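Hi,

Here is the structure I promised to pass on.

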Amino acid sequence: MRKDVRILLVGEPKVGKTSLIMSLVSEEFPDEVPLRAEEITIPADVTPERVPTHIVDYSEAEQSDEQLYQEISKANVICIVYSVNNKKSIEKVTSHWIPLINDRTDKDSRVPLILVGNKSDLVEHSSMETILPIMNQYQDIETCVECSAKNLKNISELFYYAQKAVLHPTGPLYCPEEKELKSSCIKALTRIFKISDLDNDGILNDNELNFFQRTCFNTPLAPQALEDVKNVVRRNMTDGVKNNGLSLKGFLFLHTLFIQRGRHETTWTVLRRFGYDDDLELTQEYLFPIIKVPPDCTTELNHNAYLFLQSVFDKHDKDRDCALSPEEVKDLFKVFPYMPWGPDVNNTVCTNDKGWITYQGYLSQWTLTTYLDVQRSLEYLGYVGYSIIYEQESQAAAITVTRNKRIDLQKKQTQRSVFRCNVLGARGSGKSGFLQAFLGRNLQRQRQIRDDHKSYYAISTTYVYGQEKYLLLHEVMPDFDFLSEADLACDVVCLVYDVSNPHSFEYCAKVYKQCFIDSKTPCVVIAAKSDLHEARQHYSLLPHEFCRKHKLHPPQPFTCNTTEAPSKDIYTRLTTMAMYPHMAQADLKNSTFWLRASLGATVFAVLGFAMYRALLKQR
């Protein structure tokens, strides 16, 4: 909502503009009226909407046309004052003032107008018969008020309506000619309905209506009030109430009714609570709350965020198969202005046999977005209504900023849950296969992936000493000249070479010596395609000799050319090294490091499967 409101009064001389302002301020009719009143500011605490209000007078005798134009451009609302006993002043409303104002304001952002009939104490009849056709002709006219500066009749109401025209404008919400909500308003209210429909059954039941009411107006509805609301809808439309709950049609009808009865502040309160501005766009402050991420820190979702995302998943997993079909994904993202997930997401996270994103894959994608682009994650959480449903100040409450990585290294422990592994290797060395194998896809399944659906990321969970962690694999482009600091920043490095290609290991050796030889980041050499015949590498040192010389673990054989899903042992080892880089170095000569990691993975894979089955039963 606006921080303040600027009201300009214009009209023919002697219609009572200055008297209206002075009567409002002094609460009595002035004996002497100056040519023009000074600009006055009404403090926020004495206005109904709690917003400072500036009231500006105009005098043809004291001001030039240029000064008038400047005031028109600064005004938030303009009151065109006429005298109810002066036909000429009424005629000037359409012949002079409205055209003048329209010429001086942008067509797409017209200032709301209020017609003010002053001196009603001098006549016994109303000017409304003359004014109503004018109101119907010009959409910018919000309302018309008849008042008397002398009798103080409707003076406070006049300035309240002017303030309301700015803070709660009808224009963006409603089309008076068609007597229906505008499409942008319907779109916004439909998103609000879907967020508030917590079980996604297309109906707001009594609990959901009460939650909505409390969220927007800080007070629940009494049971009888709920029934009264539903009865109003029932009387006016057949399908507005279903199964004793409010349908989307009924919800939209109620807001149409509010606006038609001059209660559009009710609809604006709802829209603003759900993040909308005066143009019915979600505000930047709502979508992108401020969050500070210092250098060497990462961003993760916290426990409440995962609980919320789980509820969103459950809401849309209608067939309860723990995966989202393409239709269910589409339904989930109806509250977004665009589809945020492309086909590459299905090759970034775990899917079921049909290629549908699983529950684990869904959480993994949110984790990936939060880690790589926290601003985008905040935006997405804004679209699905996190701060509203969880009654938080903003989406920033869903994010944990981890402590500096150097402190982790000093303390030899970490509280982080997401670890990044950069995967480097020459072209054709098997990097993409290594990423896809982490998602449980063997070579046969990988061959079905289209080139334009390929992803350079893969993320899933691993278990390290009983703790569930996310491992994020990133395939780095092999061009030496384009390796940036961002490409190299990670928790563990995989150097992949093809055992069957005699020229493949040379790249790994070069990139290690150029980028990682003095780094504290653990490195692992992966001997990919180990099911193929091993060729002698054309490098001065054999891979295992190179690793021994540089105090690296021996090359780890790996293949995804298997009948079942490829082994995940290596990924657990990578996560373990990322979590405990000091142990990875200390245990270099001790094979029990690998053994402990592998054993932990096996035990918790079994436990994880048991928990997954229990979760299925619960659902």
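A salt bridge here means a side-chain nitrogen of Lys or Arg within 4 Å of a carboxyl oxygen of Asp or Glu. Before the details, please note that this is a predicted model: local features need pLDDT of at least 70, side-chain atom pairs count only at pLDDT 80 or more, and totals for chains, interfaces and linings use all residues. Residues are numbered from 1 along each chain as its sequence is written, and side-chain values use heavy atoms, with hydrogens and water left out.

**Charged pairs**

The structure has 21 salt bridges. One of them joins Asp498 to Lys529, whose closest N and O atoms are 3.5 Å apart. Asp498 sits in strand S19 (residues 492-498), while Lys529 is in the loop between strand S20 (523-528) and helix H22 (543-549), so this pair ties together parts 31 residues apart in sequence. Helices (H or I, at least four residues) and strands (E, at least two) are DSSP runs, numbered from the N terminus. For accessibility, buried means under 20% relative accessible area, exposed over 50%, and partly exposed in between (1.4 Å probe, protein chains only). On that scale Asp498 is buried at 6%, and Lys529 is partly exposed at 28%.

Arg6 and Glu39 form another salt bridge, at 3.2 Å from N to O. Arg6 belongs to strand S1 (residues 5-11) and Glu39 to the loop between helix H1 (17-26) and strand S2 (40-42), so the pair links parts that are 33 residues apart in sequence. Arg6 is buried at 13% relative accessible area, whereas Glu39 is partly exposed at 39%.

**The annotated span**

The unreviewed UniProt entry carries the annotation "domain: EF-hand" for residues 304-339; UniProt positions are in the numbering used here, feature names are shortened, and annotations may be inferred rather than shown by experiment. In the model, this span is 56% helix and 6% strand, and its end C-alpha atoms lie 25 Å apart. Asp331 and Lys334 meet in a salt bridge (3.9 Å, N to O). Asp331 is buried at 14%, but Lys334 is exposed at 55%.

**Nonpolar cores**

A nonpolar core is a set of buried Ala, Val, Leu, Ile, Met, Phe, Trp, Tyr and Cys residues joined through side-chain atoms within 4.5 Å. The largest has 72 residues, and Ile192, Leu271, Phe274, Tyr362, Trp366 and Leu381 touch the most other members. Setting aside neighbours within four places in sequence, Trp366 is in contact (heavy atoms within 4.5 Å) with Leu301, Leu309, Trp341, Ser377, Tyr380, Leu381 and Val384. A second, separate core of 28 residues includes Cys421, Val423, Met577 and Ala578.

Helix H7 (residues 206-217) has twelve residues and reaches 16 Å from first C-alpha to last, close to the expected 16 Å, which is 1.5 Å times one less than its number of residues. Its buried residues include Leu209, Phe211, Phe212 and Cys216. Just after H7, Asn218 takes a positive phi of about 60 degrees.

Happy exploring!
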